[in-house]
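Here are some notes for a first reading of this model. Please keep the structure open beside the text and find each element as it is named.

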Amino acid sequence: MITRRLDGLLQGSHLGLLPGVGSEPAGSREYRAGEDEVRRMDWSVTARTTVPHVRTVDADRELATWVLVDGSASMDFGTAEVEKRELAVAAVAAVGFLTAGAGNRLGARVVGADGVRRFPARGGRTHLLGILRTLLSRPRVSQPAPPRAVPFRRRTVVDPGAVPGPGLAEGIADLGRSVHRRGLVVVVSDFLDGLDEDGLGDAPPTWELPLRRLAARHQVLAVHVTDPREHELPDVGVLTIVDPESGQRREVPTAARDLRERYAAAVGRQQATIAGAINRAGAAQLALRTDRDWVADIVRHVYAQRRLGRAARRLPR
């Protein structure tokens with residue numbers, strides 16, 4: 001069903017949604033120092049406009065796709081039809097099946113508490129099914145106890161025995177260092193890792209700079225996975241909330257209307273921080289929720305990207 005509804009809308013057997021590395025001419029644009037290669041200079045347009053321009057091309061028909069999946073504890077959450085980790089697997093399956101084709105390859109990275117697990121880029125349905133089986137069989141991240149405080153010279157330090165696993169920023173940076181050939185990169189996460197004061201602070205997320213560096217070389221799609229309870233609190237009386245990353249617990253009186261409103265406002269600011277960081281990094285964003293039809297969301301996103309690509313090609317060069 002997914003393949004029938006989306007076949008031909010993503011890269012693989014057809015031209016890409018956005019200009020990218022390849023051999024099909026798509027026009028020219030102004031040269032960006034530090035990002036563009038001099039060998040792609042469009043000298044005829046540069047001479048005509050007296051402004052440096054580079055050639056843009058459509059993505060090759062043979063595509064290398066890389067998927068980075070967030071396997072942190074916050075993904076083991078869901079209050080609707082599925083959990084966020086299951087929705088992440090569905091997104092990987094959609095990307096994998098739609099980019100499958102002659103010569104196309106799919107590689108993956110899974111970032112979790114046990115480190116970064118790497119899958120080389122290979123073609124074929126068997127390879128894709130192996131990645132999906134690994135994602136589905138991943139054990140849940142156990143909720144850790146709050147880190148033990150140890151007094152040391154009149155100050156408090158965190159027990160060094162509790163060593164956290166690599167975060168989303170480290171996973172993105174690892175993928176950027178290891179993947180040299182340009183292609184399509186899909187990052188599937190809730191993007192809650194690395195936020196300053198849970199997204200309410202002034203500092204940008206720690207993963208923004210690595211994502212920006214990745215988007216400078218690849219076409220990047222950020223699949224933002226969320227749950228409805230992460231957007232608003234229901235009125236269910238006293239609710240015990242557990243932080244899946246630290247294991248800290250707190251009793252929250254959800255009957256208080258003022259508290260629910262402040263929670264919604266804080267979540268709105270947090271989500272705006274995440275969306276702003278993704279946009280500044282130059283990546284496309286696809287929002288998926290556990291209480292919505294994710295297939296329809298992907299269809300709407302792909303059609304919107306295709307319309308943008310067609311509109312860009314109609315602009316005067």
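1. Start with helix α3, which gives the most to the lining of the second largest cavity, with 3 residues. Bear in mind throughout that this is a predicted model. Helix α3 covers 84-99, and along with strand β3 (64-70) is an element that supplies at least two residues of that lining.

2. How many residues line the second largest cavity? The lining consists of 14 residues, and those that lie nearest the centre are Asp70, Gly71, Arg85, Leu135 and Arg138. Sorted by class, the lining has 8 nonpolar, 2 polar and 4 charged residues.

3. The space in this second largest cavity is about 130 Å³. The count of cavities of 30 Å³ or more comes to 2.

4. Strand β4, residues 105-112, pairs with β5 in the antiparallel sense, and the pairing runs over 6 bridges. To locate the pairing on screen, find Val110, which stands opposite Arg117 in β5.

5. The last item is a pair of helices. Two packed helices are described by the angle between their axes and the distance between the axes. For helix α6 (residues 208-215) and helix α7 (residues 257-281), the axes come within 8 Å and cross at roughly 35°. The crossing of α6 with α7 is right-handed.

6. Which residues make the contact between α6 and α7? From α6 they are Glu208, Leu211, Arg212 and Ala215, and from α7 they are Ala277, Ile278, Arg280 and Ala281. By class, this contact of α6 with α7 has 5 nonpolar and 3 charged residues, with no polar ones.

Definitions and conventions: Residues numbered from 1 in each chain as written. Predicted model: local features only at pLDDT ≥ 70, side-chain atom pairs only at ≥ 80, totals over all residues. Heavy atoms only, no water. Pairing = 2+ DSSP bridges. Helix = DSSP H or I, 4+ residues; strand = E, 2+ residues; numbered from the N terminus. Axes fitted to C-alpha atoms, helices over the stretch in contact; angles between N-to-C directions. Left-handed = near helix turned anticlockwise from the far one by under 90°. Contact = heavy atoms within 4.5 Å. Nonpolar A, V, L, I, M, F, W, Y, C, P; charged D, E, K, R; others polar. 1 Å grid on protein atoms, 1.4 Å probe; cavity = no way out; pocket = protein on both sides within 12 Å on 5 of 7 lines; lining within 4 Å. Points joined across faces, edges and corners; volume = space filled by probe spheres on them.
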